[in-house]
Structures are given as structure tokens and as C-alpha cells.
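Colleague: I have a model open and would like to learn how to read it feature by feature. Could you take me through it?

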Amino acid sequence: MAVVAIAGGQWGDEGKGRVIDLLAEKAKVVVRFSGGDNAGHTVINPYGEFRLHLVPSGIFYPRVTCIIGNGVAINPAVLLKEIGDLQKHTVDTSHLVISDRAHLIMPYHTLLDGLEEERRSKGALGTTRRGIGPVFADKVARLGIRAGDLLNKDMFLSRLNSTLEYKNAILTKIYQVPPLSVEEIYEQYRHYGERLTPFIQETSSVIHEALIKGELILLEGAQGALLDPDFGTYPYVTSSSPLVGAGAIGTGIGPMEINRAVGVFKAYITRVGGGPMPTELKDEVGELIREKAHEYGATTGRPRRCGWFDAVAGRFSVQVNGFSDIALTHLDIYDGFPSIKICTAYKFDDRVLNSFPSNVATLEKCQPICEELAGWQESISGIRDFAKLPAQARNYIARLEELLSCPISLVSVGPEREQMIQVRPVL
Ligand code: IMO
Ligand code: MG
């Protein structure tokens with residue numbers, strides 16, 4: 001079959017989890033390739049409603065090997081809770097595998113994430129405070145502790161000792177908070193290690209075996225392109241790459257192995273946390289979208305900022321990811337809207353910008369230039385056939401395809417697994 005990457009096209013929360021939950025039926029392997037438990041992937045299926053933070057969204061199919069890839073940062077406490085919650089809902093988790101190369105979120109990472117946010121004060125990034133910035137900083141600074149280290153107590157203790165000495169100096173001298181205890185962390189992580197050991201192994205070989213057999217492999221992204229540390233709205237970004245390209249590095253396959261790349265976009269746009277958002281609607285329309293779509297963070301519960309579809313940012317996202325297809329989600333939220341706007345360019349001072357600026361100072365001053373399309377008045381949530389969608393909905397989809405130069409192959413008309421119109425085959 002093929003390797004298909006599924007990545008976020010906007011500022012996250014586009015519905016990646018549900019797309020994976022749908023496509024995984026035919027897959028042999030699903031691998032999460034970046035991020036950590038800052039992600040919140042909502043999946044509604046016959047087992048119930050889930051908000052997955054670390055476990056790949058293919059977990060509901062017992063024959064699918066679900067891998068937490070080397071590119072992910074794992075908070076063991078969050079992962080163990082998630083495994084426990086799934087088991088409570090009778091979901092089999094014995095086919096979950098954790099890369100021994102995945103970095104571990106340690107107590108000082110979450111603590112420092114919060115302290116750094118407070119230090120930024122008005123300039124706070126609005127992080128999820130899950131320790132993501134600090135853990136990925138430690139990874140590249142070569143200070144990290146990895147899942148594989150849990151398998152070797154001496155190795156773990158020696159890495160912890162040297163890192164904690166440095167972290168405690170920062171905690172006590174810069175932030176004036178009490179130091180953390182090596183013994184306590186060691187005990188806590190020894191306990192996690194005992195419970196996670198059966199899941200931890202080298203995983204790129206598992207993926208390669210499936211590749212050789214020609215099985216379907218799904219690469220599950222987290223966050224979205226506009227939160228990418230290189231191409232996103234820096235510094236209002238996350239700390240690992242959510243792009244399709246990271247799907248190769250975060251799993252251990254070559255980029256040429258990826259056959260298709262599905263970009264998940266909402267029919268509108270949302271953002272949670274700080275940073276510019278040109279199409280944000282701070283009025284009753286934005287409020288209507290938020291309430292209708294329950295736009296509150298799956299990880300932090302924060303209200304998400306809502307706005308019209310931004311095709312300038314969308315086009316850029318298609319380019320930096322190399323999407324072959326788009327999955328457009330939440331189209332039903334527009335049911336009953338008299339008209340719908342799409343941002344097609346930005347006004348910056350007296351100029352018209354057609355491309356996404358690389359710096360936030362410019363983006364902050366950008367005013368959206370919108371075109372207005374007619375809405376539809378009926379409910380589309382029961383429709384499964386593209387041809388049966390109201391003409392205005394088909395027109396909206398066609399205009400987005402044109403603006404993004406990418407085919408829209410999947411369209412969701414409701415949150416349930418089967419509420420997805422397959423316009424053309426993705427697999
Ligand atoms: P999923 O996978 C939406 C945002 C945070 C913040 C910024 C940096 O569910 O789409 P971090 O904790 O990563 O250092 O925060 O990134 N953010 C997300 N927003 N969806 C996500 O994940 C996000 N993960 C991080 O709100 O603005
Ligand atoms: Mg989410």
C-alpha cells in the first residue's frame with residue numbers, strides 16, 4: 001500500500017485524530033511523529049468519545065500497531081493515565097509501542113514551562129504548560145532523558161543526576177523556587193519505567209518491516225503548520241515540527257517513502273494561545289462558531305479564538321507541507337450562515353500582500369481582504385455523498401481548492417466517524 005502522512009494545516013485542533021480514526025481501518029501501523037501531550041486529538045467512535053494526547057488515534061483497531069515515535073516527547077504520567085482510561089473503555093492497548101528514542105518530559109520541564117511563561121508576563125506565548133518547550137530544548141542541547149533510559153536504572157540515574165544539578169541551579173538561582181529532589185524523581189520514574197517497559201523498544205525497524213511488506217502506514221501529526229518553529233508565527237509557535245517533513249524524521253523513514261500527505265483544515269480557522277491571527281472574529285460571529293463547534297481546548301479547556309478561513313496562510317501551509325490532499329472538517333458548522341467569508345489576501349499599510357509574512361510584527365498589522373460567498377440554509381450533517389451537498393457548500397469547497405491549489409478529498413459534516421464525505425480516494 002503506501003505511507004500517508006496526516007498533518008495539521010492551521011494552528012492545530014483541525015481534526016487530525018478523527019481523520020486517522022477513519023483511515024486507520026485499512027492500516028497496519030499508525031505512528032505519532034512529533035509534539036507531546038500538548039496535543040489533544042478528539043475521536044468519537046463506537047467505543048465512546050476520547051481526547052488522545054499521546055496514544056496514536058489508530059488504537060481502536062486491535063490489528064493496527066500504534067507507535068509513539070522517536071519525534072514525540074512523552075510525559076509518562078499522562079501516558080499511563082491515558083492507557084488506563086482507554087482500558088476502562090475496553091480498548092485493547094496491547095498493540096501500543098513506544099520508541100526508546102522518544103524523549104521524556106521530566107518534572108522540571110513542566111515546572112519551567114510555567115515559570116518561563118510567568119517571566120514573559122504580557123509577552124506570554126500561551127503554551128499548554130505541558131513542558132514542551134523545555135523538553136525539546138533539552139533534546140537539542142543534549143541534556144535529555146529518553147524512554148530507553150527507563151530500561152537501565154544506572155543510566156537513568158546518572159543522566160538525571162547531571163541534568164538535575166543544572167536544572168536546580170536555574171530553579172533556585174534564577175526563579176528562586178525550591179530545588180527538586182533526585183531521589184523523589186528517581187523513585188517516581190522507576191515506577192513509571194516498570195509499568196512502561198513492556199511497551200518500549202526500537203521502533204524504526206517495526207516501521208521498516210511494514211514498509212517492506214507494502215502495508216499501509218499512517219504518520220499522525222500533532223499541532224499545525226502555523227505553529228512550526230521555522231514556518232509558523234515565531235515565537236508564538238510550538239517546539240517540534242508539525243510539518244509532513246517531520247513525519248520522516250520523527251519516525252525513522254526516508255522522505256521519499258511518503259506517498260501522500262493529507263492536510264487537515266477546518267472550514268474556518270481557530271487558534272488557542274497567543275500570537276497574531278488576521279481573520280480572528282472578536283464579534284458575535286466568532287462567538288457563534290465557538291459555541292456551535294464547542295471550540296474549547298481539548299488539553300487546557302481554554303476558549304479557542306475563531307475566525308474566517310485564511311487562504312493566505314492556507315496556501316503557505318500547503319506549500320511548506322507539500323500536501324497532496326486536504327481533509328476539510330467542521331463544514332456543518334456553517335449550516336444556516338447567510339454568507340461565509342474567505343480571506344484571500346492581506347492589507348498591510350497601503351499594500352496588498354498575497355503571501356504569508358515571515359515575521360509577526362508584519363502579520364499583526366495585516367488586515368484580511370475577504371471575499372464573501374453565499375451560505376446554505378439546510379443541515380448537511382446527514383449527507384454522505386458529495387453531489388448531494390447544497391450547491392453553495394460545493395461552491396465553497398471548490399473556491400478553497402482553487403485558492404489553495406490542492407484537492408479537497410475528505411469533508412466532514414459532523415463529529416462521528418461516519419460523518420465524513422469521501423470526495424475522492426485518499427488511500
Ligand atoms: P493538536 O495536536 C492547538 C499551541 C499552544 C500555544 C503554542 C505553544 O491538538 O492540534 P506548547 O505547549 O506547544 O509549547 O504551546 O502551541 N498548541 C496547540 N494549539 N492544538 C494543538 O495540538 C496544540 N499544541 C500546542 O496553545 O499557543
Ligand atoms: Mg487538539
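Modeller: Helices (H or I, at least four residues) and strands (E, at least two) are DSSP runs, numbered from the N terminus. Now the case here: at the start of H10, a side-chain oxygen of Asp 310 comes to within 3.0 Å of the backbone nitrogen of Val 312. Bear in mind that this is a predicted model, where local features need pLDDT of at least 70 and side-chain atom pairs count only at pLDDT 80 or more, while totals for chains, interfaces and linings use all residues. Residues are numbered from 1 along each chain as its sequence is written, chains are lettered from A and ligands numbered from 1 in the order in which they are written, and side-chain values use heavy atoms, with hydrogens and water left out.

Colleague: What comes just after H10?

Modeller: Gly 322, which takes a positive phi of about 70°.

Colleague: And how many residues of H10 are buried?

Modeller: Buried means under 20% relative accessible area, exposed over 50%, and partly exposed in between (1.4 Å probe, protein chains only). Nine of the 11 residues of H10 are buried, so this helix is largely enclosed by the rest of the structure. Among them are Val 312, Phe 316, Val 318 and Asn 321.

Colleague: Which backbone oxygen does the side chain of Arg 315 reach?

Modeller: That of Leu 403, at 3.5 Å. Contact means heavy atoms within 4.5 Å. Leaving out residues up to four places away in sequence, Arg 315 touches Thr 344, Asn 354, Leu 403 and Leu 404.

Colleague: OK, what about the charged pairs elsewhere?

Modeller: The general idea is that side chains of opposite charge can pair when their charged atoms come close. The structure holds 23 salt bridges. One of them joins Lys 167 and Asp 138 (2.9 Å, N to O). That pair links distant parts of the chain, with Lys 167 in helix H5 (residues 153–174) and Asp 138 in helix H4 (residues 132–140), 29 residues apart.

Colleague: Is Lys 167 buried or exposed?

Modeller: Buried, with a relative accessible area of 5%, and Asp 138 counts as buried at 4%. For another case, look at Arg 51, which forms a salt bridge with Glu 49, the closest N and O atoms being 2.9 Å apart. Arg 51 is partly exposed at 41% relative accessibility, and Glu 49 is partly exposed at 46%. Then Asp 385 and Lys 388 meet at 3.9 Å, N to O; Lys 388 is exposed at 62%. There is also a network of salt bridges linking Asp 13, Lys 266, Glu 295 and Arg 304.

Colleague: Which residues coordinate the magnesium ion?

Modeller: Donors are N, O and S atoms within 2.8 Å of the metal (3.2 Å for Na, K and Ca); water is not among the atoms, so sites may look incomplete. Here the magnesium ion (ligand 2) is coordinated by Asp 13 (OD) and Gly 40 (O), at 2.1 to 2.3 Å. Asp 13 lies in the loop between strand E1 (3–8) and helix H1 (16–23), and Gly 40 in the loop between strand E2 (29–32) and strand E3 (41–45), so the pair ties together parts that are 27 residues apart in sequence.

Colleague: Last one: what is the strand order in the open sheet?

Modeller: Strands of a sheet pair through backbone hydrogen bonds, either parallel or antiparallel. Two strands pair if DSSP finds at least two bridges between them. The open sheet of 10 strands runs E9-E7-E5-E2-E10-E1-E11-E15-E19-E20, with mixed pairing. E9 and strand E20 (420–422) stand at the edges, each with a single partner strand, so one side of each has no neighbour in the sheet. Strand E5 (residues 65–68) and E7 pair in the parallel sense over three bridges, with Cys 66 opposite Leu 96.

Note on methods. A polar contact is a pair of N or O atoms within 3.5 Å; within protein, one must be able to donate a hydrogen and the other to accept it, and residues adjacent in sequence count only if both atoms are side-chain atoms. A salt bridge is a side-chain nitrogen of Lys or Arg within 4 Å of a carboxyl oxygen of Asp or Glu.
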